Amino acid sequence: MDGDKGRTAVRKSIRLCLGAATTLLFCCAVLLFYRGEVSRPAEEAVDQALESAPSVVLEPAKAAVLNNGKRYVGRVEAIGSVNIRPQVAGEIEKVHFTEGSFVRAGDILFTLDARLYESAVLQRRAELAKAKASHIQSVRYYERLKKTGPRAVAKTELEQAESVMLQCAADMENAQALLRIAEIDYEHTKIKAPISGKIGEAGFTKGNYITPQESILANITETNPIRISFSLPDQEYVKQRKKGQDDSRRTADIFLADGSAYRHEARWDFESNKMDAKTGTILTHLKVENGKSILVPGAMVSVAIKQPAVESVVVPNTAVMTDENGDYVYVVTSGDIANLRYLTLGERTERVAAVVRGLQRGEKVVVQGVQSVRAGERVNPVSAESGGAD
């Protein structure tokens, strides 16, 4: 009897344990069910937020050395240019140069008929010789009267002899001057190059009669060195002056009409003493070698002013936007949140802009997909290969 009671107690204990376990399992199942139902909408909301966030390409701000020379339009000018004119009238006997060739100072360019001027020289020499003879005779006569004594020669006669002597001296000096003029005119029958340079076309050929008043025989322009003239803006002028650099050490690069760089550096030669009030620029001249005559007066070139190489934080130009407040970029921080950041920019190249203030090296900025970004909202960073929207 007692055994039956013990077995009955054991069975009740087992049933109670099984019931408790079943209840526990049921509660756990209910709890897990409700937890799954609650978290699933949150996960779906996160997924939806990520799907609606604009896809963008990020790039960290980098340090780079910029040497972006500013370019200006320049004009090639000859430092020296001379129109060759005759000093005397006459018929051209010979033209000694080839049009378009290089001539040196002192080279004979034209020869005029010199017979008339040669005769004038001979005539003036004869007149000078005659004046010298008269002067010698007057001097001797005056000295002889002076030695004779006051009793033998009247005072008026001595004074007259002295006057004749002085007049003969003046006549001799006048004859010398006239001879020099005749010699100069004779020398001018050989027309020479006053400077070295490239000579243009001949205005007159052999057989033409030319006069000093009307005739331009040719033009010579100096080609080496040569001058580049351009207008420097007032802001750049102030910047250059603040550097305190000696003008003799300031240089610029020259680019030709075909876009190629000229082989020689141009050096500062001249700056005007006043600023053009209408354009806000100052006239500036550079001097550059031109041994092969590549630079021709009147041609247009580009002048690139060299800037010192400075390491700066740079961002791609595609990242930079502009509104009424200035230039800005979107900086993406932790949590993929895009923050609007205004910048102070410096030099710009075709690809990047230097940041003077507002951005640190390594900060990530949006370089593609900028138009879809809103400040303070989440973005979806993707790689450039994934095709971020421009």
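**Close-up views of a predicted model**

Glu271 and Arg250 are both buried (buried means under 20% relative accessible area, exposed over 50%, and partly exposed in between, with a 1.4 Å probe and protein chains only). This is a predicted model, in which local features need pLDDT of at least 70 and side-chain atom pairs count only at pLDDT 80 or more, while totals for chains, interfaces and linings use all residues. Residues are numbered from 1 along each chain as its sequence is written, and side-chain values use heavy atoms, with hydrogens and water left out.

**View 1. The whole protein.** The protein has four helices and 23 strands; helices (H or I, at least four residues) and strands (E, at least two) are DSSP runs, numbered from the N terminus. Of its 390 residues, 30% count as buried. The accessible surface comes to about 24,900 Å², and carbon and sulfur atoms account for 52% of that surface; accessible areas come from the Shrake-Rupley method with a 1.4 Å probe, and for residues only the protein chains shown count as cover. Among contacts between residues at least 6 apart in sequence, 73% join residues at least 24 apart, contact meaning heavy atoms within 4.5 Å.

View 2. Six strands, in the order E3-E12-E15-E14-E13-E16, close into a barrel with antiparallel pairing; two strands pair if DSSP finds at least two bridges between them. From one strand to the next the twist averages 45 degrees. Axes are lines fitted to C-alpha atoms, for helices over the stretch in contact, and angles run from 0 to 180 degrees between N-to-C directions. Helix H4 (residues 234–243) lies across strands E3 (70–77), E12, E14 (266–271), E15 and E16 (300–305), and runs at about 105 degrees to E12.

**View 3. Strands E12 and E15.** E12 (residues 226–233) and E15 (residues 281–288) run antiparallel and are joined by eight bridges. Arg227 stands opposite Lys287 of E15. Lys287 also forms a salt bridge with Asp269, with the closest N and O atoms 3.8 Å apart. This pair links distant parts of the chain, since Lys287 is in strand E15 and Asp269 in strand E14, 18 residues apart. Lys287 is partly exposed, at 35% relative accessibility, and Asp269 is also partly exposed at 35%. A salt bridge is a side-chain nitrogen of Lys or Arg within 4 Å of a carboxyl oxygen of Asp or Glu.

**View 4. Strand E13 and its two partners.** Four of the five residues of E13 are buried, so the strand is largely enclosed by the rest of the structure. On one pairing, E13 and E14 are antiparallel over two bridges, with Thr251 opposite Arg267 in E14. E13 is also joined to E16 by four bridges, again antiparallel, and Asp253 has Ala304 of E16 as its bridge partner.

**View 5. The Glu271–Arg250 salt bridge.** Glu271 forms a salt bridge with Arg250, and their closest N and O atoms are 3.4 Å apart. Glu271 lies in strand E14, whereas Arg250 lies in the loop between H4 and strand E13 (251–255); the two are 21 residues apart, and the pair links distant parts of the chain.

**View 6. Salt bridges along helix H3.** A search of the whole structure finds seven salt bridges. One of them pairs Glu183 with Arg180, the closest N and O atoms being 3.5 Å apart. Both residues lie in helix H3 (residues 155–187), three residues apart, about one turn of the helix. Glu183 is partly exposed, with a relative accessible area of 22%, and Arg180 is partly exposed at 41%. Arg180, Glu183 and Glu187 are linked in a network of salt bridges.

**View 7. The open four-stranded sheet.** The strands of this open sheet have the order E8-E7-E5-E10, with antiparallel pairing. E8 (190–192) and E10 (209–210) stand at the edges, each with a single partner strand, so one side of each has no neighbour in the sheet. E7 (residues 108–112) pairs with E8 in the antiparallel sense over three bridges, and Thr111 stands opposite Lys190 in E8.

**View 8. Surroundings of Phe102.** Phe102 is found in strand E6 (residues 102–103) and is partly exposed, with a relative accessible area of 48%. Leaving aside neighbours within four places in sequence, Phe102 is in contact with Ser196, Gly197, Lys198 and Thr223. Phe102 and Thr223 are 121 residues apart in sequence, and 9.2 Å separates their C-alpha atoms.
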